[in-house]
Amino acid sequence: MPVKPGTATYTSGFGERWNAQHRGVDLAGPVGTPILAALDGNVVAAGSSGEGPGVGFENWVVIDSNVGGKPVSTVYGHMFADGVLVKTGQQVKAGDHIANIGNAGSSTGPHLHFEYWDGGKMQGGTALDPVTVLPDISRQSSDGGSPDVDVSSSSNVQLVAVRSTAADCAGFGMAGGGELAFNIVPAEFEPWLRRAGSVCPEIDSPLLAAQLQQENGFRHGDNAPVSPSGAMGPAQFMPGTWATWGKDHDGDGKIDPNSIGDAVMSQAEFMCALHQDVSDIPGDAIELTLAAYNAGPGAVQQYNGVPPYAETQNYVAKITAARAIFTNPNSRGRFVPTSTGGNMQAVMAAREYLGTPYVWGGGGTGGPTGGGFDCSGLTSYAVYAASAGKVSLPRTSEQQWTVGVEIPIDQAQAGDLVFGGWEANGPGHVGIYAGDGQMVHAPTTGDVVKEAPLQSGMKARRVM
């Protein structure tokens with residue numbers, strides 16, 4: 001398996017997603033979670049995928065193996081540069097620690113994007129659903145049991161009932177299910193909620209979980225009574241709405257509003273459609289979507305916002321407030337430091353916000369404000385988080401230059417601050433050194449938090 005049982009969660013499957021082809025599966029877990037070689041083989045690519053910062057995988061590992069006399073490639077994507085632990089040409093064994101889960105490239109949360117190519121990735125082969133080849137992948141976080149096939153040697157892998165696609169992949173790795181906290185919902189709901197969080201990028205698993213709690217307290221089957229208005233099942237679908245949106249997602253041959261799989265996946269698809277319906281109405285899109293679920297999209301359109309119904313307004317307020325309870329603290333933007341992580345944790349904390357918009361005056365020790373960060377707001381957050389609240393930096397880059405001690409730039413270590421844009425009053429810019437001549441920073445208006453090379457003339461300072 002590409003991760004140890006229980007360390008990551010299957011969040012998104014193989015096949016069509018958001019009108020594009022997802023040529024692998026996603027396994028969400030905290031940044032730094034070990035990635036293991038799935039098969040014996042030879043590393044044919046390691047490091048940059050050649051797509052550039054914030055694009056595609058950004059970094060990857062490709063391992064070529066021999067399965068029954070045929071070439072097979074396994075592909076591992078979205079690691080940070082320092083999370084790739086092998087080199088091209090290296091021989092690896094199944095189970096070797098080859099990389100660490102990251103959040104680089106086209107990714108909305110820390111996870112591993114894992115692919116299996118029959119015939120070889122570089123040889124023009126065909127992408128197969130890894131779950132059909134290595135069936136235990138989808139049970140990584142549930143039972144921790146023994147695999148359904150022996151993958152200790154590549155010669156033991158059996159190919160069964162495979163699906164394939166030769167289409168280009170777009171939008172890989174957007175693991176909305178990875179944002180759900182572990183063990184926060186009833187166990188029977190967790191795999192379905194993680195899958196449902198990847199139906200569309202706007203509706204994530206914590207939101208759906210908070211909605212299920214409000215709707216029916218996660219009751220299902222015989223424990224999910226029909227409401228006085230006729231609403232049914234865990235997601236409380238009205239009969240007319242269920243007739244349109246209910247589907248047999250659990251594959252048991254029945255379209256059952258009391259089935260967890262049918263209800264949760266239909267809930268997600270309906271919420272995604274409602275989000276589109278209210279997209280042109282001014283206001284918070286999630287609040288409007290919830291209001292449409294409760295009162296109907298017609299009411300939201302009639303009032304050009306959340307309707308003035310006490311029930312609907314209470315419904316929206318309770319769900320939006322509860323959403324944070326169900327959010328994984330290790331998902332994007334919620335970094336939890338450890339006592340042994342060292343200053344590298346400042347880099348990890350900042351990386352959780354890659355892709356977040358630059359906002360002048362934005363951010364601080366509590367995270368982004370106004371929808372984003374400026375350069376010193378990002379460093380304030382990263383250092384505060386990495387030090388578990390022990391180091392609170394002043395607000396501006398000029399003031400931050402007065403903290404700690406200056407060190408030669410060629411002696412900078414990951415977690416040190418790097419300053420540039422020098423003016424009469426001091427530095428006009430600051431970032432977090434990530435190693436190998438790279439820094440994580442919030443560049444300027446119109447840009448986003450990114451990892452990029454050091455700028456010319458930068459100086460370093462150690463503040464932890």
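1. Strand 14 and strand 19 run antiparallel and are joined by 3 bridges, where strands (E, at least two residues) and helices (H or I, at least four) are DSSP runs numbered from the N terminus, and two strands count as paired if DSSP finds at least two bridges between them. Across this pairing, isoleucine 407 stands opposite alanine 460 in strand 19.

2. This is a predicted model, in which local features need pLDDT of at least 70 and side-chain atom pairs count only at pLDDT 80 or more, while totals for chains, interfaces and linings use all residues. Residues are numbered from 1 along each chain as its sequence is written, and side-chain values use heavy atoms, with hydrogens and water left out.

3. The open sheet of 6 strands has the order 14-19-15-16-17-18, with antiparallel pairing; its edge strands, each pairing on one side only, are strand 14 (405-407) and strand 18 (450-453).

4. Helix 10 (residues 375-386) lies across strand 15 (417-423), strand 16 and strand 17, and runs at about 45 degrees to strand 16. Helix 9 (residues 344-351) lies across strand 16 (426-435), strand 17 (438-441) and strand 18, at about 100 degrees to strand 16. Axes are lines fitted to C-alpha atoms, for helices over the stretch in contact (heavy atoms within 4.5 Å), and angles run from 0 to 180 degrees between N-to-C directions.

5. On confidence, the chain averages a pLDDT (the predictor's confidence in each residue, from 0 to 100) of 82, and 84% of the residues score at least 70. Confidence is highest in strand 19 (residues 459-462), at a mean of 97, and lowest in strand 13 (residues 164-165), at 26.
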